[in-house]
Amino acid sequence: MNSVGTWTWDKETGDFGWSAGMCKIAGLPAKAIRLSETEARAYYSPPTWALLHAALHASASNGNPIDIECLLLTGTGSRWVRQRSEPCPDDDRLLRGIAEADEGAIKTHLHLQGNEHDLIQLLNSLPVCIAYIDTEFRCQFINDTYLTWFGIQQLPVAGEHFSNIIGQVAFDALLKYMEVAFLGSPVSCQSSIPRQHGGARDISTEFLPLHGEDGAVKGCYVIVYDITQHKQVEEQLRINEERWQLALESSGDGVWDWYPQIGVELLSDRLKKIYGYGPDEIANLSDELDRRTHPDDTEQMYRDRADHFAGRTPIYINEHRVQCKDGRWKWILSRGTVIQRDAEGKPLRMVGTHTDISERKNAEVALKESEERLRTALSATHQGLYDLNVQTGVAIVNAEYASMLGYAHDDFHESRDKWLQRLHPDDYAVAAKAFDNYVKGVSNEYRAEFRQKKANGEWIWVLSVGALVERDANGQPRRMLGTVLDVTDKKKSEALIWQQANIDALTGLPNRRMFYDRLDRDIRKSKRTGLPLAVLFIDLDYFKEVNDTLGHATGDALLVEAARRLRQCVRDSDTVARLGGDEFTVSLPDQHDPMHAETIAENIIRAMTAPFQLGEEEIFLSASIGITMFPADASTLDDLVKHADQAMYAAKDHGRNRFCYFTPSMQVAAQTRLRLSSELRTAISERKLLVYFQPIVDLKSGHIQKAEALIRWQHPQMGFVSPLEFIPIAESTGLIQHIGEWVFQQSVKWVKEWRAQYHPDFQISVNQSPIEFQSDQNRYASWIQHLHAVDLPGQAISIEITEGLLLDANDKIENRLLQFRDAGIQVAIDDFGTGYSSLSYLNKFDIDYLKIDQSFVRNLTPGSNEFALSEAIIMMAHKLGLSVVAEGVETVQQRDLLRQAGCDFAQGYLFAKPLPPQEFAAMLAQFQPDPA
């Protein structure tokens with residue numbers, strides 16, 4: 001059975017990787033290892049190592065796989081191993097292959113039988129020279145490559161003295177190395193060998209001794225690699241590196257030369273001196289500089305370095321603090337460039353500089369340096385560079401300057417006249433002022449941002465920074481050096497940030513922030529000119545209903561169209577803004593005509609009442625507008641907007657689709673609402689609100705079958721506050737949710753007691769405002785769970801809602817009603833007959849009761865229209881299977897007429913006014929049905 005192992009060879013480093021199986025074949029412990037080229041050579045016989053070595057380099061050059069037999073030297077002898085290779089698809093640097101040892105065969109020669117011709121062809125095609133020389137310096141074999149490289153005539157070589165083949169000069173150069181090999185030691189050298197017909201080649205030569213069976217040296221293999229081009233490149237690099245190192249060191253910068261993949265970082269003496277160290281006090285390790293970097297600066301340094309490695313920046317530039325030998329922190333500017341990458345684009349070598357900028361950290365250009373150092377520093381940033389003769393206006397610029405403006409450098413000639421022709425007219429004053437301020441000493445540098453026209457007509461923003469480096473005998477500016485940087489992307493980013501901060505994304509109008517800025521400007525102008533300023537606060541009537549019914553997409557389209565109409569109603573000097581939602585504001589400065597604001601308001605109302613055609617939907621809206629005047633109605637910006645808001649709400653209270661001027665009474669009313677809102681919140685948190693109950697009487701039996709729970713607030717100073725006054729406040733502030741929860745909890749408490757003491761089917765009705773009813777579904781789920789927890793059926797509670805909820809009921813409303821039906825909770829329509837005319841919802845939803853509004857009952861007399869309407873409502877309800885409750889019954893006649901019309905239940909002062917629970921309980925105990 002054959003032994004098998006795997007191996008890899010790194011084309012760049014020459015290192016071998018042997019698997020555990022390969023190590024076992026070589027007589028080593030069975031574990032994977034990595035070998036250098038020198039270490040691997042010790043395990044092969046010299047001839048087969050020469051063959052393997054040449055074949056590997058040939059494969060690296062032409063990509064062909066190898067398949068050869070090598071004599072592997074083990075600890076106990078030797079064995080023949082067949083080594084085959086194939087490219088490594090996931091890593092171009094590697095060859096990988098299989099090694100197979102034939103345990104049943106012993107071979108004593110190279111694998112030439114039957115294939116000698118093919119092997120010789122292989123050796124002749126290799127890009128290296130191979131020759132075998134015996135100890136008499138007679139050549140037994142030399143491949144064609146050697147003859148071709150050195151221009152040697154194709155002659156028979158067997159038995160020829162090596163000097164006759166390669167020439168005496170070349171022979172003399174190699175003689176001492178061959179003599180070392182004949183003593184039994186492999187040796188290598190680099191030398192320059194002359195060609196017989198002129199010229200020379202730089203070569204690297206290996207001499208590998210060949211031992212006979214008796215251990216004596218029989219000869220040596222000579223393997224020659226052409227390194228002429230490598231030497232030329234190396235010499236040019238040496239010259240170039242000496243030049244840039246000398247230039248940078250002479251400028252005071254420290255130089256670093258970093259090889260990221262092998263962990264070597266070469267630091268110049270000047271760089272070490274910047275850190276306070278001597279030449280031999282910092283090692284050449286890759287982390288020597290990084291570990292001396294301030295922790296707060298490392299993240300940005302790594303980010304800038306990664307950007308350059310990935311090609312996102314042309315050069316690496318970073319400023320950070322470094323710790324010196326004495327513990328002090330010093331600011332340095334680090335700049336560098338990757339000058340060599342591997343096949344995958346990963347950095348192999350990066351060179352750069354460190355500049356001590358501690359004393360000029362906040363300066364962008366080191367103007368006190370020499371002109372050459374300034375040019376070097378600025379060129380490294382890849383910015384446009386100019387050298388301006390201030391007196392003639394002629395400038396010398398670099399290639400980046402011309403390229404930035406879209407011109408070829410060779411054809412570009414800069415002058416003040418041409419610069420002015422490209423300068424945007426609106427930016428001339430900015431650039432001129434910046435230059436004058438610098439020359440006069442007002443500013444420390446010339447710095448200006450302005451627009452320049454490129455060759456293709458495109459405008460770009462540039463940042464120009466410069467410094468005077470020479471004045472004439474009279475002290476007048478003569479010469480300026482500076483840079484130009486394209487900052488168009490920065491300007492676009494700034495414009496986008498400004499847009500997002502100041503403009504409403506949906507409508508394109510100024511937002512609240514920008515409106516307040518404009519209004520502040522208009523107020524200051526009004527103070528200067530003495531002309532009044534008007535502010536309009538606009539709210540779209542019924543917008544919420546449109547948004548809830550047709551969806552937010554339609555609502556957004558409606559707002560966009562409303563904004564367009566608003567802009568058409570005002571002057572260009574006026575400001576129209578969207579504060580949020582469906583609220584808009586308008587600032588109208590320079591009010592020469594006292595009626596101008598009113599005219600604008602009328603135009604806006606007329607524009608908003610026109611139909612909105614959005615797709616297939618035709619929508620009708622209106623607007624309510626509040627108007628305030630500066631300085632008559634307010635002296636501050638906030639008060640001006642606040643008073644306009646109060647006037648707008650007054651317009652809504654007066655029927656909408658109108659405008660109202662602000663009056664002081666509105667402020668009083670607003671302050672009263674604010675005070676009541678605060679006191680109501682306190683009353684809720686301290687449970688000072690009271691729940692009263694008004695009986696609902698069965699008109700057939702005269703018994704009290706039900707009660708309606710009603711909230712009452714007894715203010716400590718004002719006494720009882722009408723629900724008509726505090727319920728709207730509770731709805732607008734969200735406190736209605738807490739009130740509804742309190743009424744429900746109290747109703748459950750008392751209905752349980754009265755069912756036990758008075759009647760097992762007693763029921764209490766709880767009012768729900770539209771805001772409560774459209775709240776989170778979990779609210780009513782918790783109510784149903786509470787009823788179950790106190791062992792009450794759903795029928796113990798009835799929910800009263802308004803007609804308006806059901807006219808355009810959405811899925812949420814329908815789900816609420818189904819939730820009540822499933823729990824056994826009955827639903828009543830409160831104030832029936834005063835709302836919408838459509839009655840389709842009575843057939844669509846599960847409704848149990850209709851409550852006839854007291855406006856029908858108040859004027860109820862025999863033969864009256866009210867009686868006819870009430871009778872019709874009762875008849876319709878009964879046809880639909882609904883019961884009817886009449887509200888506001890105050891006289892016996894009203895009760896009798898309702899009973900005559902077939903009404904089921906009644907409530908009102910005839911039976912009892914709303915009572916506290918204790919009084920209501922006492923009434924239940926004493927109540928006797930009216931026999932009439």
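Is I460 buried or exposed, and what is its relative accessible area? I460 is buried, with a relative accessible area of 2%, where buried means under 20%, exposed over 50% and partly exposed in between, for a 1.4 Å probe and protein chains only. The views below come from a predicted model, in which local features need pLDDT of at least 70 and side-chain atom pairs count only at pLDDT 80 or more, while totals for chains, interfaces and linings use all residues. Residues are numbered from 1 along each chain as its sequence is written, and side-chain values use heavy atoms, with hydrogens and water left out.

View 1. Strands (E, at least two residues) and helices (H or I, at least four) are DSSP runs numbered from the N terminus. Leaving aside neighbours within four places in sequence, I460 is in contact (heavy atoms within 4.5 Å) with M404, L405, F450, R451, Q452, K454, D486 and T488. The C-alpha atoms of I460 and V487 are 7.7 Å apart, although 27 residues separate the two in sequence.

**View 2. D15 in the loop between β1 (3-10) and β2 (16-18).** D15 is buried, at a relative accessible area of 19%, and its side chain makes a polar contact with the side chain of R34 at 3.5 Å. Such a contact is a pair of N or O atoms within 3.5 Å; within protein, one must be able to donate a hydrogen and the other to accept it, and residues adjacent in sequence count only if both atoms are side-chain atoms. Beyond four places in sequence, the residues in contact with D15 are T8, W9, D10, R34, L35, S36 and E37.

**View 3. The largest nonpolar core, with 77 residues.** A nonpolar core is a set of buried Ala, Val, Leu, Ile, Met, Phe, Trp, Tyr and Cys residues joined through side-chain atoms within 4.5 Å. The residues with the most contacts inside this one are L689, F693, F762, I801, L806 and F920, and helix α23 (residues 736-757) gives the most to the core, with nine residues. I801 touches Q768, F773, L806, L817, V827, A828, I829 and D830, residues up to four places away in sequence not being counted. Apart from this core lies another, of 34 residues, among them F16, I68, V81 and Y225.

**View 4. Aromatic pairs, of which the structure holds 26.** Rings of Phe, Tyr and Trp (its six-membered ring) pair if their centres lie within 6.5 Å, planes under 30 degrees apart counting as stacked, over 60 as edge-to-face and the rest as tilted. F137 and F171 form an edge-to-face pair, 5.6 Å centre to centre with 85° between the planes. This pair links distant parts of the chain, 34 residues apart, with F137 in the loop between β7 (129-134) and β8 (138-142) and F171 in helix α7 (residues 168-182). F137 counts as buried at 17% relative accessibility, as does F171 at 6%. Ring pairs also link F693, W750, W754, Y758, F762 and F920 into a cluster.

**View 5. Charges over the rings of W461 and F612.** A charge sits over a ring if NZ of Lys or CZ of Arg is within 6 Å of the ring centre and within 35 degrees of the ring normal. The charged end of K491 sits over the ring of W461, 4.4 Å from its centre, and R565 lies over the face of F612, at 3.7 Å from the ring centre.
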